[in-house]
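This report describes the fold and selected local features of one protein chain. Please keep the sequence and the structure in view while reading.

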Amino acid sequence: MTKSQSTYAKSGVNYQELDQVKVLAQGAAAETSGNLANFGGVEIEASRGESAYVWEEGDVYRSLVIEGLGTKNLVADAMRKVTGRTYYDALARDTVAMIVNDLIVVGAMPQVVNAYFAVGDSAWTTDRERAADLVNGWAAACQEIGAVWGGGETPALKGIINPSAVDLGGSAVGVINPKQNLVLGDKLAAGDAIVLIESSGIHANGISLVRKLADENPGLYEQKLPDGRLFGEAILTPTHLYVNLVRNILQAGVQPHYMANITGHGWRKIMRATADFTYRLDKIMPIQPEFDLIQKLSGMDGKEMYATFNVGAGFAIFVSEKDAPRVIKIAAEQGLSAVVAGRVETGQKRVIIEPQNITFGGETLEVRK
C-alpha cells in the first residue's frame with residue numbers, strides 16, 4: 001500500500017470554511033428568537049452555538065437538534081460486496097446517535113426522533129433487505145433510548161444525490177425536566193474533573209478521509225487489523241448511544257457542569273464551553289487499531305489526528321471532582337469505560353493533551369458568534 005499525505009481538509013471537509021457559515025447563520029437565526037413569544041416561549045440565549053438549541057416552555061425546557069450521518073453509508077455499500085451484509089441497521093443506529101448524542105449535552109432527554117432518508121432515485125428503496133435493515137435499526141435505536149420514532153421524510157432528489165446512494169439524517173426534540181438539569185457550562189469551574197467516555201471506534205466523523213485513503217489504497221477495507229477485524233468492518237462499528245448514561249447520571253443526582261460530544265473537530269470539542277479555561281489532560285483513552293492504520297496511511301501527525309477524530313474518546317463529562325467516581329461507576333454499569341482524564345484550570349482557552357504533547361489553542365475552535 002502506498003502512503004499519502006492526507007488531511008481532513010484535503011478530503012473535502014474544511015472546518016474553517018464550514019464554521020464561518022455556521023457562525024453567520026447563528027447571527028441571523030438569533031434575530032428570529034423573539035418569535036417564541038408568540039407561543040409563550042423564551043429562548044435560552046446561551047444555547048446558541050451549543051450542539052442543541054434550548055428554549056423555555058411552561059415549566060420545562062425543550063431542545064431541538066437536526067443532524068446527519070455523513071458519508072459512512074458509502075463504506076457500507078463497499079463492504080457489502082465483500083461480506084454480503086448491508087450494515088444499514090448499524091448505520092441507522094449511527095444516525096440516531098449523531099442526533100441524540102448532540103441533544104443530551106444540554107441535559108435534554110430525547111422524546112421524539114424523526115428520520116430523513118433522501119435518495120437519488122426511488123429505485124434505491126426496492127432493495128428490501130437493505131430497506132428493512134435501515135428501518136429496523138432505526139426503530140431499535142429509538143427503543144434503546146426510550147424515544148418515539150415520530151415520522152420523517154423520504155424525498156427522491158434526482159440530480160442532487162447519486163442514484164445509488166442515500167443521505168441519512170434526522171432530528172429530535174427533547175425535554176429538560178426538572179429545569180435544574182439544564183447544562184450550558186455556566187457551572188464550569190477550575191478544579192472540575194474531565195471524565196472521558198470511550199468511543200466504539202471512529203463513530204461517524206472523518207469518514208471522507210477514510211474513503212480517500214481507500215481510493216488510494218485498493219483493498220484497504222479488506223485488510224485485517226491486529227485484533228482480527230477487517231478494517232472496513234471496524235469503521236462500520238456502530239456509534240455508542242450515550243443517552244442512557246446521561247439519563248442515569250442525572251437521575252443519580254449528579255449535576256454535570258458541562259458535556260461535549262466528541263465528533264467533528266475531534267478533541268478540540270473539549271473546550272466548546274464559552275468560558276475561557278485551560279483543559280489539561282494527563283490521561284488518554286485506549287486507541288483502537290483502526291486509528292493507527294489511518295495515521296500510518298494518511299501521514300497525519302498526532303495533532304492532526306486529535307483535531308479530526310475522537311481517537312478513542314466519544315464523550316466528555318465535566319463534573320466536580322467528588323462526583324467523578326460516581327460518573328465512572330455509572331458508565332461501567334452501562335458497559336462503557338471511562339477515565340478521569342484531567343482537570344479544568346484557570347488560564348487561556350486551550351486543550352493540552354500531555355501524553356501526546358499536543359496543545360490546541362482557542363482560536364482552533366471558532367463555532368460561536
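## A central strand and its partners

In β11, arginine 343 is the bridge partner of alanine 193. Helices (H or I, at least four residues) and strands (E, at least two) are DSSP runs, numbered from the N terminus. Two strands pair if DSSP finds at least two bridges between them. Strand β7 (residues 193–198) pairs with β11 in the antiparallel sense, over 5 bridges. Strand β9 also pairs with β11 in the antiparallel sense, here over 4 bridges, and arginine 280 stands opposite arginine 343 in β11.

Of the 8 residues of strand β11 (residues 338–345), 6 are buried, so the strand is largely enclosed by the rest of the structure. Buried means under 20% relative accessible area, exposed means over 50%, and partly exposed lies in between (1.4 Å probe, protein chains only).

## Basis of the model

The model is predicted: local features need pLDDT of at least 70, side-chain atom pairs count only at pLDDT 80 or more, and totals for chains, interfaces and linings use all residues. Residues are numbered from 1 along each chain as its sequence is written, and side-chain values use heavy atoms, with hydrogens and water left out.

## Overall form

The protein has 10 helices and 13 strands. Its radius of gyration is 20 Å, close to the 21 Å that the globule rule gives for 369 residues, so the protein is as compact as a globular protein of that length. The radius is taken over C-alpha atoms, and the globule rule is 2.2 Å times the number of residues to the power 0.38. The C-alpha trace spans about 50 × 50 × 40 Å along its principal axes.

Of the 369 residues, 53% count as buried. Contact means heavy atoms within 4.5 Å. Among the contacts with a separation of 6 or more, 82% come from residues 24 or more positions apart.

## Aromatic rings

A pair of aromatic rings is described by the distance of the centres and the angle of the planes. Rings of Phe, Tyr and Trp (its six-membered ring) pair if their centres lie within 6.5 Å; planes under 30 degrees apart count as stacked, over 60 as edge-to-face and the rest as tilted. By this rule the count is 9 aromatic pairs. In one of them, the ring centres of tyrosine 279 and phenylalanine 318 are 5.8 Å apart and the planes stand at 75°, so the pair is edge-to-face. This pair links distant parts of the chain, since tyrosine 279 is in strand β9 (residues 278–281) and phenylalanine 318 is in strand β10 (residues 313–319), 39 residues apart. Tyrosine 279 is buried at 0% relative accessibility, and phenylalanine 318 is buried with a relative accessible area of 0%.

Phe117, Trp138 and Trp149 form one aromatic cluster. Elsewhere, lysine 179 lies over the face of tyrosine 61, at 5.2 Å from the ring centre. A charge sits over a ring if NZ of Lys or CZ of Arg is within 6 Å of the ring centre and within 35 degrees of the ring normal.

## Buried residues in strand and helix

Valine 113 is found in strand β4 (residues 109–119) and counts as buried at 0% relative accessibility. Leaving out residues up to four places away in sequence, valine 113 touches several residues, including Trp138, Cys142, Trp149 and Ser171.

Arginine 130 belongs to helix α4 (residues 128–145) and is buried, with a relative accessible area of 11%. Apart from its neighbours within four places in sequence, arginine 130 is in contact with Arg80, Thr86, Tyr88 and Trp124. In helix α5 (residues 207–216), the buried residues are Ile207, Ser208, Leu209, Val210, Leu213 and Ala214. Their cover includes α2 (72–83), α6 (231–235) and α8 (289–298).

## Backbone exceptions

Most residues other than glycine have a negative phi, and most peptide bonds are trans. The peptide bond from asparagine 177 to proline 178 is cis, with omega near 10°. Proline 178 lies in the loop between β6 (166–176) and β7.

Valine 311, in the loop between α9 (302–308) and β10, has a positive phi near 45° and is buried at 2% relative accessibility. Asparagine 357 has a positive phi near 55°. Asparagine 357 lies in the loop between β12 (350–353) and β13 (358–361) and counts as exposed at 74% relative accessibility.
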